[in-house]
Amino acid sequence: MSNIAIRAATAADLDRITEIYADAVVHGTASYELEPPSRAEMGNRFDNLAAGGFPYLVAEKDGSVLGYAYAGPFRPRPAYRFVIEDSVYVAPEARGQGVGSLLMRALIETARAAGFRQIIAVIGDGHADSASVRLHEKLGFRHSGRLEGSGYKHGRWLDTVFMQLPLNGGAALPPDPDSLPERRFRGLKGN
């Protein structure tokens with residue numbers, strides 16, 4: 001784990017990111033997509049997040065991408081601008097080696113530095129012993145809801161778990177006018 005570097009993702013990483021996500025879609029239950037998106041679609045998603053200034057990171061070891069994590073808007077309406085939703089995916093051969101934890105810690109710090117106030121984890125197949133639930137618990141996320149039987153994949157019903165981590169004072173402080181979400185909002189409003 002000590003040779004793993006976390007860095008900002010680039011377009012050059014998208015082939016590998018697409019492979020990692022395709023494996024999660026085909027074999028896993030964390031994503032409720034049923035067919036893996038194309039490389040072009042993954043590129044569009046990446047470009048949209050980058051255009052919004054959202055964090056998108058990869059874990060790399062010896063030139064190979066082992067996993068990735070990003071945060072994007074939780075919901076599109078402007079009052080949600082301080083809330084982001086995280087996603088983290090690790091290549092099958094790298095699971096259980098702490099890659100997800102390294103990625104999530106870096107993602108949290110990047111989101112904190114940008115001035116976001118809440119990170120929401122929307123965890124598909126969120127049973128208590130799922131790796132994603134355990135990871136988010138370890139990082140201080142608290143459970144904030146469950147949608148029972150909200151997805152159907154691989155012949156079974158899946159629950160969706162919501163977890164939440166406050167940042168920068170959460171809801172206890174007013175918005176920071178210099179934060180990324182507030183600067184973006186003012187830019188959209190022409191101020």
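Q: Is Asn-168 buried, partly exposed or exposed?
A: Buried means under 20% relative accessible area, exposed over 50%, and partly exposed in between, with a 1.4 Å probe and protein chains only. Asn-168 has a relative accessible area of 29%, so Asn-168 is partly exposed. This is a predicted model, where local features need pLDDT of at least 70 and side-chain atom pairs pLDDT 80 or more, while totals for chains, interfaces and linings use all residues. Residues are numbered from 1 along each chain as its sequence is written, and side-chain values use heavy atoms, without hydrogens and water.

Q: Which residues does Gly-170 contact, leaving aside neighbours within four places in sequence?
A: Contact means heavy atoms within 4.5 Å. For Gly-170 the partners are Arg-117 and Gln-118. Gly-170 belongs to the loop between strand S7 (156-166) and helix H5 (180-189), and its relative accessible area of 5% is why Gly-170 counts as buried.

Q: How many residues has the largest nonpolar core?
A: A nonpolar core is a set of buried Ala, Val, Leu, Ile, Met, Phe, Trp, Tyr and Cys residues joined through side-chain atoms within 4.5 Å. Here the largest has 47 residues, and those with the most contacts inside it include Ile-108 and Phe-141. Helix H3 (residues 99-114) gives the most to this core, seven residues. Not counting residues up to four places away in sequence, Ile-108 touches Ile-119, Leu-139, Phe-141, Leu-165 and Leu-167.

Q: Which residues lie nearest the centre of the largest pocket?
A: On a 1 Å grid over the protein atoms alone, a pocket is an open set of points with protein on both sides within 12 Å along at least five of seven lines, and lining residues have an atom within 4 Å of a point. Of the 42 lining residues, Ala-30, Val-88, Tyr-89, Ile-123 and Ser-132 lie nearest the centre. Elements giving two or more residues to this lining include helix H1 (14-27) and strand S4 (83-90).

Key. Helices (H or I, at least four residues) and strands (E, at least two) are DSSP runs, numbered from the N terminus. On a 1 Å grid over the protein atoms alone, a cavity is a set of points where a 1.4 Å probe fits but cannot get out, and a pocket is an open set with protein on both sides within 12 Å along at least five of seven lines; lining residues have an atom within 4 Å of a point.
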